[in-house]
Amino acid sequence: MILAAKAGNKTAFSWLVEKYSRRVYRAALSFLHNIEDASDIAQEVFIRAYNNMAAYDPQRPLYPWLYRITRNLCINRLKSSTDRESSLPDVQIPFKGETPELQLIKKEEIRHLRKAIAGLKPSYREILLLKHFQDCSYAEIADILSIPVGTVMSRLYNARMSLRKELLKEDTIA
Amino acid sequence: MNCKEMKLKIQALTDNELEEKEIHEVLNHLESCYRCREDYISLLQLQKKMKNIAIPEPQKEWFEDLPHRVLRRSGALLGKVLFLGSYILLLGYALYSLFRSKNEEIIIKFAVGGVVLGGLILLIVSLADRIRESRSDKYKGVLK
């Protein structure tokens, strides 16, 4: 499909957009924290990708290439702002069919989790967001961060252990 | 293999990234090692917690319509390039014809020449400003 899209096949490219749109959108959202801006950038990413498909090396995974376009476009948009690090967007979660008590517990748990993620060092936060919110594989993360897969695994493990520690700390405080 | 070496493989198992030939070895280790089993369970619990964080998204229709919008916009971009390219070509030809013509008055040629030259100077000045701005941009490295 990627080769067909590279050759200019519109159906193949549409398939790629469908496959990667959510991940690209989430990547943009992690930088911009705003649904409108993130959807705008996601659309722009695919337009750029379509017009520059010739520059893509099909030997490498596609998502890191799209991620780089996304990151560059987001940084351009944020140029006047100081907020350049990726982080979790603020979000209201619908808890359908749950009792108010359960909803409250879940909300509190998520608040703890968000606080714990925000407390991590940027490299840990980045790798966790790539893994958990953009569903990146180890190989894709390695390509995005330009580090070996072994380093991805150990950094991800350390990030998770740090997160667990932060969560335990939060629990103790609570 | 000891527990220290095993921890990354256990993580890979929870991430569905472990090679098939290694799965059996890791499962055997988990059966025999209480500490690693606890580690495995805590990794799974952490993943479950992360899944609970919902990400705000546009409506489903936005994603469904995205491929069409992208292709439409790309088509529009091609249209813009064609339009501008042809416009510049025509303008160039018109100017060439005007300056080659012996019937036009010299004042007309001067006026048109002034307009074109003025436009070019403005374009060069604004381009130079942009280049200067990008040179002093401390995030230049990041953008590249």
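**Figure 1. Chain A is built from helices.** In this predicted model, chain A has 8 helices and 0 strands. Read from the N terminus on, its elements go α-α-α-α-α-α-α-α. Chain A has 174 residues, and 49% of them count as buried. Now take the contacts in chain A with a separation of 6 or more: 67% of those come from residues 24 or more positions apart.

Figure 2. On one side sit 34 residues of chain B, in contact with 49 residues of chain A. Between the two chains, about 4,200 Å² is buried, and carbon and sulfur atoms give 67% of it. The rule also picks out 12 residue pairs in polar contact across this interface, both residues at pLDDT 80 or more. The largest share, 10 residues, comes from α4(B). Sorted by class, this side of chain B has 20 nonpolar, 5 polar and 9 charged residues.

**Figure 3. A salt bridge joins the two chains.** There are 6 salt bridges between chain B and chain A. In one pair, B:Asp15 meets A:Arg160, with the closest N and O atoms 2.8 Å apart. B:Asp15 lies in the loop between α1 and α2 (20-32) of chain B, while A:Arg160 is in helix α8 (residues 149-173) of chain A, so this pair joins two chains.

Figure 4. A:Glu140 pairs up with A:Arg23, their closest N and O atoms being 2.5 Å apart. Find A:Glu140 in helix α7 (residues 138-145) and A:Arg23 in helix α2 (residues 10-32), both of chain A; the pair therefore ties together parts 117 residues apart in sequence. Both A:Glu140 and A:Arg23 are buried.

Figure 5. B:Lys9 forms a salt bridge with B:Glu22, and their closest N and O atoms are 2.6 Å apart. B:Lys9 sits in helix α1 of chain B and B:Glu22 in helix α2 of chain B, so the pair ties together parts 13 residues apart in sequence. B:Lys9 is buried, with a relative accessible area of 16%. Elsewhere, A:Arg22, A:Arg26 and B:Glu57 are linked in a network of salt bridges. Over all chains, a search of the whole structure finds 18 salt bridges.

Notes:
Residues numbered from 1 in each chain as written. Chains lettered and ligands numbered in written order. Predicted model: local features only at pLDDT ≥ 70, side-chain atom pairs only at ≥ 80, totals over all residues. Heavy atoms only, no water. Helix = DSSP H or I, 4+ residues; strand = E, 2+ residues; numbered from the N terminus. Buried < 20%, exposed > 50% of the residue type's maximum accessible area, 1.4 Å probe, protein only. Contact = heavy atoms within 4.5 Å. Buried area = accessible area lost by both parts, 1.4 Å probe. Salt bridge = Lys/Arg side-chain N within 4 Å of Asp/Glu carboxyl O. Polar contact = N/O pair within 3.5 Å; in protein donor to acceptor, adjacent residues only side chain to side chain. Nonpolar A, V, L, I, M, F, W, Y, C, P; charged D, E, K, R; others polar.
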